[in-house]
Amino acid sequence: MKIAVIGTGYVGLVSGTCIAEMGHTVICVDKDKSKIDMLNEGEIPIFEKGLKPLVESNVEGNRLFFTTDIKSAIQEAIVIFIAVGTPPEEDGSADLQHVIAVATDIGKYINDYKVVVNKSTVPIGTAEKVRSTIQEQIYKRSENFEFDVVSNPEFLREGVAIEDFMKPDRVVIGTDSEKAKKIMKELYQAFTFQKDRIIYMKIESAEMTKYAANSILATKISFMNEIALLCEKVGADVEEVRVGSGSDTRIGYKFLYPGVGYGGSCFPKDVKALIRIARKNKATSDILEATEKVNEKQKMVLVNKVCEHFGENLEGKTFAIWGLSFKPMTDDMREAPSRIIIKELIKCGAKIRAYDPEAMKEAKRIFGDNPSISYTEDQYSALKNANALLLITEWHQFRNPDFDKVKEFLKEKVIFDGRNQYNPEKSRENGFAYYSIGKK
Ligand code: NAD
C-alpha cells in the first residue's frame, strides 16, 4: 500500500518509519525544508531509541521517502496520515491551523479515493471539520472525488516510541465507513498479528479516547504529587505509600511516582484542551482543572526547597542540574519542568551548570545565549564548584552516581532529588543534606 504521512515530527517520523518497516511504501512530508534535507542526508532530527537504523534500512529498501512536495504525496498515496502539531492556543484550546492547512491541501490535490487519517490529537468534531474543508476545496475545483476521514489517535510514548508503534496495546480507529475500515485493518494487521488489538468506534469516541487516556495518566501523577506533599507534612514516606497503594491490582504501580510535575508535548496541552472542550460544551472539568493546578505548583516544589535551604536571594550561588528533557530517553523539552526550575533559579540570582545526555542542543536553542547558564561535557563536570545538585530527569546514568566524586566536586554537599532516586539514609551518612519529594 502507498501511504503519505504529512508532518514528519516525533509522531509522523516514527509512524511512517514503522509502517515502511512492515513493507508499505511511505512518503513522509514536512513543510520544514531543513528537516527534510536532514533526513535525506541520513540525519535524524530527533533523538529516539532505535529510530536511526530503522530509518536507514527502510530508505535503503526504497520503502521510505522524505519530501516537501505535498501534492505528489497526496496524489500517489491511498492513505494519507495527518500528523502535524496541535499546540495550545492562548486560552488552552488546541490550535488546528496546521491540521486545516493539510486538509486544504488534500482538497486541492486529491485525484482519487483516499482515506484521510487524523493521527494528530484533536478536539472532538475535528474529523468533520477536516471532511468539510476537503469537500469545500473539491467543490471549488468543480470536481467530485470520494474520500473518508478516519480518526486514529496515537498513543506512542517518546523514548520507547518504536516499540509502542510496532507492538501497540491497542489501535483505536474511529470511522463510519466500511471501505475505510477495511483499508485500515489491512494497514494495521501486521502490527497486531499476535492478537487483534484494533478497536473500532465512532469517530467522536476515538477523538475523545486520546484526551481521556492522557488526562487519566496526568491525573494519576498529580494525585500522587499531592499525596507526596501531604506525606512530608504528616511524616509518612511517599515511597512506602506508593508501594502500599500500587500493590492493589485495581490501582497498579504505573504513573504513581511523585516528582517535579509532568511535562512533554502531550499531557499539559491535552489536559488544557480537554478543559476548553468541557467549557465549550457547558460541562464541568473540576478534576482536570485540579490536575493542572497541582502540576503547575509541583514544578515549583524543588525551587521552594532550594530557597528554604539557601534563602530567597541566590546571588553568587551555582546549581548543577542533571537532566533537562521532560523525561529520560528523549531530547524533547516541550513543557519540561527543567525550564521552569532553571528560569526561577536564575530569577533569584543563581547560575546554572547543566548536563543532559541528549537534550543539551535543544536547551541551548531554548535558553539562547543566557549568560547565567552553561553546559558541561559530562555529568560530573556540572558539579564543579556548584552549591548543590538538582536531579530533574531520571536518566539511567544518574541513578547510581559515584558519590565520592559528587562529594569531591560539589562546593556544598547538598542534593535536591526531584525524582526520589537516592537513598535518604545513605545520602545523609555520606554527609549530604538531602531533599527529596514526599519524605520528611
Ligand atoms: P512535532 O511538532 O514534532 O511535528 C509536527 C510536524 O508537522 C513538524 O515537523 C511541522 O513542521 C510539520 N507540519 C506542520 N504543518 C505542516 C504542513 N501544513 N505540512 C507539512 N508539515 C507540517 O509534533 P509531534 O510531537 O509529532 O505531534 C504531532 C501530533 O501528534 C500532535 O497533535 C500531538 O499531540 C500528537 N501526539 C504526539 C505524541 C508525542 O509523543 N510527541 C504522542 C501522541 C500523539
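Let me start with the contacts in the protein chain, counting as a contact any heavy atoms within 4.5 Å: of those between residues at least 6 apart in sequence, 73% join residues at least 24 apart.

Before I go on, please bear in mind that this is a predicted model, in which local features need pLDDT of at least 70 and side-chain atom pairs count only at pLDDT 80 or more, while totals for chains, interfaces and linings use all residues. Residues are numbered from 1 along each chain as its sequence is written, and side-chain values use heavy atoms, with hydrogens and water left out.

On overall form, the radius of gyration, taken over C-alpha atoms and judged by a rule of 2.2 Å times the number of residues to the power 0.38, is 24 Å, which agrees with the value near 22 Å that a compact globule of 440 residues would have. Along the principal axes, the C-alpha atoms fill a box of roughly 75 × 50 × 40 Å.

Of the 440 residues, 53% are buried, meaning under 20% relative accessible area with a 1.4 Å probe, protein chains only.

As for secondary structure, the protein chain has 17 helices and 14 strands, these being DSSP runs (H or I of at least four residues for helices, E of at least two for strands) numbered from the N terminus.

Strand β1, residues 2–6, has four of its five residues buried, so it is largely enclosed by the rest of the structure. β1 pairs with strand β2, residues 25–29, in the parallel sense over five bridges, where pairing requires at least two bridges found by DSSP, and Ile-6 stands opposite Val-29 in β2.

Methods: Buried means under 20% relative accessible area, exposed over 50%, partly exposed in between (1.4 Å probe, protein chains only).
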